[in-house]
Amino acid sequence: MSERNTLIRSLHDVGLAAWFGGSLMGAVGLNGAAKDEGGNDPTGDRISSSGWAKWTPVNAAAIGAHLFGGGGLLAANAHRVAAQQGVAASTAAKTVVTAVALAATAYTRVLGKKVELASSPDPQDAEKAQKHPIDLDKARRQLALAQWAVPALTGCLVVLNALHGEQQRPIEQIPGMWERARSATHLMS
């Protein structure tokens, strides 16, 4: 009924775990620590921005692993997506949530970079920030909301993964396989 896809499943799941966990830890731990140490002034912004900048390459690798693994799982399970009732709908939902999570992640990075440049003591950063002036308080508020959207959305992906896992159980696959066989027989007659 199913074959092993350990590597692509691991890439998918570990990538999502890092994306979810890193975004949640950043929103709670890093931003909380930055606020404790620097308040709402540029010092807090610099602490938070420094941590997020260090996390960005790891997060990008995690997202890449998740997407690569997800594509591999989709290819490996295409027959189930086409034939098993409910799998196409949950796959579509997962695709939409993934796209929105990617957009939220990109948006938080853009806002974070703006706050980073606006709060930097580096003259080159200040020059860049002057070329694209922002309302720092507004950007901070938007960033605070967007940074919570990422763990919320990736948490939804964790739940959808659990649903997909349940859909792979033999008791769930048998009706889908029966329907596929019935449809094939129907075409032959």
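**Exercise 1.** Which residues lie nearest the centre of the largest pocket, and how many residues line the largest pocket?

*Solution.* The model is predicted, with pLDDT of at least 70 needed for local features and 80 or more for side-chain atom pairs, while totals for chains, interfaces and linings use all residues. Residues are numbered from 1 along each chain as its sequence is written, and side-chain values use heavy atoms, without hydrogens and water.

Step 1. A pocket is an open set of points on a 1 Å grid over the protein atoms alone, where a 1.4 Å probe fits, with protein on both sides within 12 Å along at least five of seven lines; a lining residue has an atom within 4 Å of a point.

Step 2. The lining of the largest pocket holds 32 residues, and N31, S48, W52, L143 and Q147 lie nearest the centre.

Step 3. Two or more lining residues come from each of α1 (6–38), α2 (42–76), α4 (87–119) and α6 (136–167); helices here are DSSP runs of H or I with at least four residues, numbered from the N terminus. The most, ten residues, come from α2.

**Exercise 2.** Describe the second largest pocket by its centre, elements and residue classes.

*Solution.* Step 1. Of its 22 lining residues, H12, G70, L73, K94 and H164 lie nearest the centre of the second largest pocket.

Step 2. At least two lining residues each are supplied by α1, α2, α3 (78–83), α4 and α6. With six residues, α2 has the largest share.

Step 3. Counting Ala, Val, Leu, Ile, Met, Phe, Trp, Tyr, Cys and Pro as nonpolar, Asp, Glu, Lys and Arg as charged, and the others, Gly among them, as polar, this lining has five nonpolar, 13 polar and four charged residues.
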